[in-house]
Amino acid sequence: MDKIIFYTILVFSTLAFSQSTIKGKIMANNEGLAFANVYIKELKKGTVTNENGVYELSTIPPGSYTIIASFIGFKPEKKTITISNEPNYVLNFNLIEDANVLNDVVISGTLKPVSRLETPVPVEVYTPTFLKKNPTSNIFEALQNVNGVRPQLNCNICNTGDIHINGLEGPYTMVTIDGMPIVSSLATVYGLFGIPNSLIDRIEVVKGPASSLYGSEAVGGLINIITKKTLNAPLFSADIFSTSWLENNVDLGFKSAIGKKATTLVGINYYNYNQPIDNNNDNFTDVSLQERISIFNKWTFDRKNNKEFTIAARLFYEDRWGGEMQWNKSHRGGSEVYGESIYTKRVELLSKYQLPTKEDMYLSFSITAHDQNSVYGTTAYFANQKIAFGQYTWDKKVENHNLLLGTAFRYQYYNDNTPATISAEKTTIYSAFLQDEIKLAPKHNALFGIRYDYNNNHGTIFTPRIAYKWNPTANDVFRINTGTGFRIVNLFTEDHAALSGARDVIITEDLKPETSYNINFNYLKKIKFENGSFLGFETSAWYTYFNNQIIPDYDTNPNQIIYSNLNGFAQTLGISSNIDWVSPFGLKAIVGFTIMDPKNVQNGVSSIPVLTEKFSANWAITYEIPKWFLAIDYTGNLYGPMRLPILGELDPRPEYAPIWSLQNIQFTYKKFRNFELYGGIKNILNWTPNKGIPFLIARAEDPFDQNLTVNNPYNLTFDPSYMYAPNQGIRGFLGIRYTLF
């Protein structure tokens, strides 16, 4: 018996000690590369590097393996290693940066994975590293440093907003998670809040119509938030920061194996701001008070032949209010103290399943339920929306053709208590689409696409698309894209100016779907210098033309917002450029600018649309000092004049906003293992929109318009829609990040 025990221990000891560990460091530009991926092909096992670029793979049995190191924006590197009986092996990598991340695998442009260098559709990629240059509690604010993308606050009191792409308002932008259109309509206003940053792998931005693949609402562009794969996610991560305004944000993420066939990834975001501040002395909160929590859970299942199967869900709750400083919840809906209070509840479920066939086929679906309970003064807005979406795609390669065929179904239920919604709206859309990407020659690609939609309320809609790409050299890419888009409108899910304040809402006709026509020219150049530096340059010129555009008319009657289809046309043309520079001595810079010329033509009369800037600029400059374990990030944006919604000719407020800029600086200390300490100053210029004007909110002293004949020389009514920039001035922030691998 003793011998059996002895040999048993000996066998287990031998097996234990035959397991080896591979350690090493992944370098780039003479620095450790944080959060890079390391993968053993044969074992299907991987990890990510820590903040210093160090990785460790344990319990590796004897054998010969291929180790792959990769990171977005760098060329992957492969090495082979033979493991015998040694306990430890060291394997280092030095990744070469690919200027302007041309070789990223992107999905958004063509609805399937493709190299960014090869796709005919221009797609911009932004990683968590970019987002961390200016820490924010939500993606809405983080996008302020993306060229041509501007977060727009639409209400001085409740501070709800949307995302403008190339001058087009938020409802023209579709927001998706992992390609699923779960963020639309009601969630256009709230969908970019509360997505846990710990789960974001990257954000892909497509500017211009994408309706031929994504359908309604993808008229102005697409923002696709791609979550991390469980393989690449750390075991645990935490990012916690607070500001001098007492804004507190907690972002947590962790993963766990569930049995042998499943892995779960959880992200939690909690944000709290409960400190009323009135620096502009109008007796209204400068920033709405908010408390929100978002929980995201993604399951990945291990299937035969590495077929994909994921299920994800998100729960979101937010309580926000803004108003007079003495407001509390007992005043909600009353006429004594003015306040705007919004309760939002959302549930989202999405899944992607690769069929067990030889062909590359996928079934995807998403289900969302959104419940909103809002009060704007004495105006109540109660809304409920449910959306079910399903899609089938077949990716088929035939010689020089790369085909994508698909069908989709969308059901939408919407009901609210406004006069515009007499009964619940039930919409069904049946869709079919076909895309053919053709390899015309070694340096020439073309893409043809068409989508057919049948809407039970509006009938048949066609949205074609054509794209062409030419690579004259390995470092140059020319692209031309043209296509159409359409959008079906529900005003009250998108425009909170229609609910906030004292203006009456006038709808003059049955609103028809909007249609757009767009052409975009894109040129991209990358240069690698002998001293190790990189330069990437990308420029785009575009033209967009609209029929039936629905634009709120603030001018005809200052006490009304009039909605109708434009009797004429609207157009936007512009040019934008991005420059990415990486030096060999720790300095990196991303600089962009956009120039636009938007106009609306109604009954032959031309006008400039409200809240659309004519030019903007963005920058993110980083300087790394390795010997001090320090990184310095300087980010900012600059916006040109934009037309604002004044209340008639007597309104003393300027009709056009001045040139304004928000700038930030951050210092990150990276000496401690698994930890990062960061802090800095936001809005270092202390810019707020109340500078140089008599007031922001019209008649703030009389929010219920009870004394319009008293002290009213400008003949105004209460209105908080004069809004173009955040009311927050300079403030400090301090935070800590922890990552466990």
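Visitor: What makes the pair Asn 280 and Asp 286 a polar contact?
Guide: Their side chains stand 3.3 Å apart. A polar contact is a pair of N or O atoms within 3.5 Å; within protein, one must be able to donate a hydrogen and the other to accept it, and residues adjacent in sequence count only if both atoms are side-chain atoms. The value of 3.3 Å is within 3.5 Å, so the pair is called a polar contact.

Visitor: What should I know about the model?
Guide: It is a predicted model: local features need pLDDT of at least 70, side-chain atom pairs count only at pLDDT 80 or more, and totals for chains, interfaces and linings use all residues. Residues are numbered from 1 along each chain as its sequence is written, and side-chain values use heavy atoms, with hydrogens and water left out.

Visitor: Which residues does Asn 280 contact, leaving aside its neighbours within four places in sequence?
Guide: Asp 286, Asn 690 and Leu 696, where contact means heavy atoms within 4.5 Å. Asn 280 itself lies in the loop between strands E23 (262-273) and E24 (289-301). Strands (E, at least two residues) and helices (H or I, at least four) are DSSP runs, numbered from the N terminus.

Visitor: How do you know that E3 and E4 pair?
Guide: Two strands pair if DSSP finds at least two bridges between them. E3 (residues 37-40) and E4 are joined by four bridges and run antiparallel, so they meet the rule. Asn 37 stands opposite Val 48 in E4.

Visitor: Why are E4 and E8 edge strands?
Guide: The open sheet has four strands in the order E4-E3-E6-E8, with antiparallel pairing. E4 (45-48) and E8 (77-83) each have a single partner strand, so one side of each is left without a neighbour in the sheet.

Visitor: How do you know that E44 pairs with E43 and with E45?
Guide: Five bridges link E43 (660-669) to E44 (675-682) in the antiparallel sense, among them the one where Tyr 669 stands opposite Leu 677. Eight bridges join E44 to E45 (731-740), also antiparallel, and Gly 679 has Leu 734 as its bridge partner in E45.

Visitor: What makes Asn 674 worth a look in the hairpin of E43 and E44?
Guide: The hairpin has five residues between the strands, and Asn 674 takes a positive phi near 70°.
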